Amino acid sequence: MIPSLASYAVVVPTIGRPCLADCLAALASCEGPEPSRILVVDDRPGPPGDPLPLDALGSLVGRTVVLHGGGRGPAAARNTGVRAVDEPWTVLLDDDVRVGPHWREQLARDLAEASPDTGGVQGVLRVPLPADRRPTDWERNTAGLQGALWVTADMAYRTEVLKTVGGFDERFPRAFREDADLALRVIDAGWRIVRGERRTEHPVRPADRWVSVRLQRGNADDALMKRLHGPDWWERAAAPRGRIRRHAAVTAAGLGALLLAAAGRRRAAGLAAAGWVLGTAEFARSRIAPGPRTPDEIVTMAVTSAVIPAAATWHRLSGELRHRSAESWDGAL
C-alpha cells in the first residue's frame, strides 16, 4: 500500500547533456504517485539552445515547466527551480541519474514517514562499476557518491526549509560542496536530515584523461567551506579530508628546487627535487595500485599525479584569498 503523500515538485538542473533524456524517461516510467510538477532548469549560458528532450517524460510532459538559469552553475540553477515551487516538498535530481523502477513509491514512503522535525530525506545512490575489472581512478571517484552525505543527485527537502535558509549558496559555482553547505545550514537551523529507502542509479559519465586535474578547482570551494563552517566542517559533513597538505608540501619541494637551481645552489636544489619526485611517485602509486593497471590508466595516473599537487595548491590558495571575508549566505528565495 502506498502511503498518502503531500504533493511534491521535482527540480532538475541541466546543461543539456544527453543523459537528461534517460533521467526524465526513468522518472516518467517508475511506479508511484506522480509529481505535481517537474521544473527543468536549463542552465546553458546565452539564449535558449536546442530543445531539451522533454518528450522522454511521456504523459508527465504536461506537468513540466522549463526555466532558464543563465549558466550560473548548479547551485543557482536549483535556486531558480525552488523559487517556482509551491508544493510542500522539493525533490532535487541531477540530470545524470536514473531513478529506480519503484522510485516514486519509495519516495512516497520516505516523505510520509518523515518526522515533523525532518527537513530533508536523502535517497540511496548506487554507482554501477565494471564487473570484469577493477575500477579506474575516475570510476572510484564517482563511486564515492554512494556513501556521501546529503548529495543532491537525489535529495528531498521541505520547501519551507529551503526557503527559510535561503536555498543554495550561489558562491559555489560547481557541483561540489554546495550540497554539504546547504545541509549544514539546515541542520544548524534545527532540522534533521535522514536517509530514506528510495533507490537511484548514478552511472559513471564519460570523462577524458584530465578530469582529475579539473576537479582540483574544488579546493577553492573547500576554502569557502572552512570560512563558513569552521575548520571542523570535514568531520561534521563526514567528508574525506583529502591530500591538500601533502600536495602543498610536494608543490613547495618542486618550486624550491627551481628557485634553488636558479640561485646556483645545486646540492640543495637536488634534495628539493628528490623530495618532489618521491612525493609525486607516492601519489601516483596510491592511485595506480587499486585500479585496472592498464597501460592507458598508468600513463594517465603518472602524468596527472605530476600536475595535481600544484593545481590543488593553487586553487586552495586562490580560494583562501577570494573568500577571506566571506559571510554567511543571505540569499532569498
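1. Let's start with helix α2. In this predicted model, the buried residues of α2 are Pro74, Ala75, Ala76, Ala77, Arg78, Asn79, Thr80, Gly81 and Val82. That makes nine of the ten residues in the helix (residues 74–83), so α2 is largely enclosed by the rest of the structure. Note that Arg78 and Asn79 are on the buried list along with the alanines.

2. What does the covering? The cover over the buried residues of α2 includes the strands β1 (8–14), β2 (37–42), β3 (64–68) and β4 (89–93), plus the helices α5 (159–165) and α6 (178–188). As for how α2 sits, it lies across β1, β2, β3 and β4, and its direction is at about 150 degrees to β1.

3. On the other helix to look at here, α3 (residues 103–112) also packs on the sheet, where it touches β1, β4, β5, β6 (118–126), β7 and β8 (192–201). The direction of α3 makes about 170 degrees with that of β8.

4. Now the sheet itself. It is open, has eight strands and mixed pairing, and reads β3-β2-β1-β4-β7-β6-β8-β5. At the edges you'll find β3 and β5 (98–99), each pairing on one side only. Take β2 and β3 if you want a pair to trace on screen: they run parallel, with five bridges, and Leu39 has Val65 in β3 as its bridge partner.

5. On to the nonpolar cores. The largest has 32 residues, and Trp150, Tyr157, Leu182, Val186 and Ile193 have the most contacts inside it. Two or more residues each come from β1, β2, α2, β7 (154–158), α5, α6, α8 and α9 (233–236). Helix α6 is the top contributor, giving five residues.

6. Leaving out residues up to four places away in sequence, Ile193 touches Gly120, Trp150, Met155, Tyr157, Ala183, Val186 and Ile187. Another core, of 29 residues, lies apart from the largest one; Cys23, Trp103, Ala153 and Ala156 are among its members.

7. Last, a helix pair. Helices α8 (residues 218–229) and α12 (residues 295–322) pack at about 35 degrees with their axes 7 Å apart, and the crossing is right-handed. From α8 come Asn219, Ala220, Asp222, Ala223 and Lys226, which meet Ala312, His315, Arg316, Gly319, Glu320 and Arg322 of α12. What kinds of residue make up this contact? Five are charged, three are polar and three are nonpolar.

Terms used: Residues are numbered from 1 along each chain as its sequence is written. This is a predicted model: local features need pLDDT of at least 70, side-chain atom pairs count only at pLDDT 80 or more; totals for chains, interfaces and linings use all residues. Side-chain values use heavy atoms; hydrogens and water are left out. Axes are lines fitted to C-alpha atoms, for helices over the stretch in contact, and angles run from 0 to 180 degrees between N-to-C directions. Helices (H or I, at least four residues) and strands (E, at least two) are DSSP runs, numbered from the N terminus. A crossing is left-handed if the near helix is turned anticlockwise from the far one by less than a right angle, and right-handed if clockwise. Contact means heavy atoms within 4.5 Å. Ala, Val, Leu, Ile, Met, Phe, Trp, Tyr, Cys and Pro count as nonpolar, Asp, Glu, Lys and Arg as charged, and the others, Gly among them, as polar. Buried means under 20% relative accessible area, exposed over 50%, partly exposed in between (1.4 Å probe, protein chains only). A nonpolar core is a set of buried Ala, Val, Leu, Ile, Met, Phe, Trp, Tyr and Cys residues joined through side-chain atoms within 4.5 Å. Two strands pair if DSSP finds at least two bridges between them.
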